[in-house]
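Please read the following note with the structure open beside it. The points are numbered so that each may be checked in turn.

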Amino acid sequence: CLRPRQIYDGRVPLTGEYEPSPHNWVRDQVERYEATDGREANTLRDTGRPVVIFTTRGRKSGKIRKVPLMRVEHDGKYAMVGSQGGSPTHPVWYLNLKADPEALMVQDGAERFDATARELSGEEREIWWQRAVEAYPTYASYQEKTERQIPVLLAERR
């Protein structure tokens, strides 16, 4: 069903069967954040630093996936930092977005919107990386722990 005055652009909304995270803390945080429009469960564990919920589609399963990531916002755009705690591998959500960059929804508090993700490089990546480290200084130590360059994607409204 189309919203009033919305022009159909051929894109399919991000719908489908939701498969919660296998990690209890992620599943619980997403559920509480969504239920309260971000008034509760809106920080990363005990850090006090704000998160945003990103919804993607699994590239293999086709199921809807949700992940809380640090809130790194500037001019209505959001950075998605694929740190995975400095792990040697990329997070699954990163692989999902590389496979389908338009299968993305962002929830920042009560506001929800469809977005497109693109991976940043060069100077633009460096600017957003600095913003990310400002929002969550631990990203810098995560980068030191891994040999891979931690990817930074930009979620932009559609």
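**Note on the predicted model**

1. Glu 17 is placed in the segment before helix H1 (24-35); helices (H or I, at least four residues) and strands (E, at least two) are DSSP runs, numbered from the N terminus. This is a predicted model, in which local features need pLDDT of at least 70, side-chain atom pairs count only at pLDDT 80 or more, and totals for chains, interfaces and linings use all residues. Residues are numbered from 1 along each chain as its sequence is written, and side-chain values use heavy atoms, with hydrogens and water left out.

2. Glu 17 is exposed, with a relative accessible area of 51%. Here exposed means over 50% relative accessible area, buried under 20%, and partly exposed in between (1.4 Å probe, protein chains only). Not counting residues up to four places away in sequence, Glu 17 touches Lys 63 and Ile 64, where contact means heavy atoms within 4.5 Å. The C-alpha atoms of Glu 17 and Gly 62 are separated by 8.2 Å, although these residues are 45 apart along the chain.

3. The chain holds four helices and seven strands. From the N terminus on, the order of the elements is α-β-β-β-β-α-β-β-α-α-β. Of the 158 residues of the chain, 41% count as buried. Among contacts between residues at least 6 apart in sequence, 62% join residues at least 24 apart.

4. Which residues of helix H2 (residues 92-99) are buried? They are Trp 93, Tyr 94, Asn 96 and Leu 97. Seen down the axis of H2, these buried residues fall within an arc of 160°, so they line one face of the helix; the arc is that of the directions from the helix axis to the C-beta atoms. Val 92 and Ala 99, on the other side of H2, are exposed. The cover over the buried residues of H2 includes strand E1 (51-57), strand E6 (111-119) and strand E7 (152-157).

5. Arg 125 belongs to helix H3 (residues 122-135). Arg 125 is buried yet has no salt bridge, and the nearest side chain of opposite charge, Glu 126, is 4.4 Å away. A salt bridge is a side-chain nitrogen of Lys or Arg within 4 Å of a carboxyl oxygen of Asp or Glu; Lys and Arg count as positive and Asp and Glu as negative, while His and the chain ends are not counted.

6. The side chain of Arg 125 reaches the backbone oxygen of Ile 150 at 2.5 Å. Leaving aside neighbours within four places in sequence, Arg 125 is in contact with residues including Leu 120, Gln 143 and Val 152.

Notes: Polar contact = N/O pair within 3.5 Å; in protein donor to acceptor, adjacent residues only side chain to side chain.
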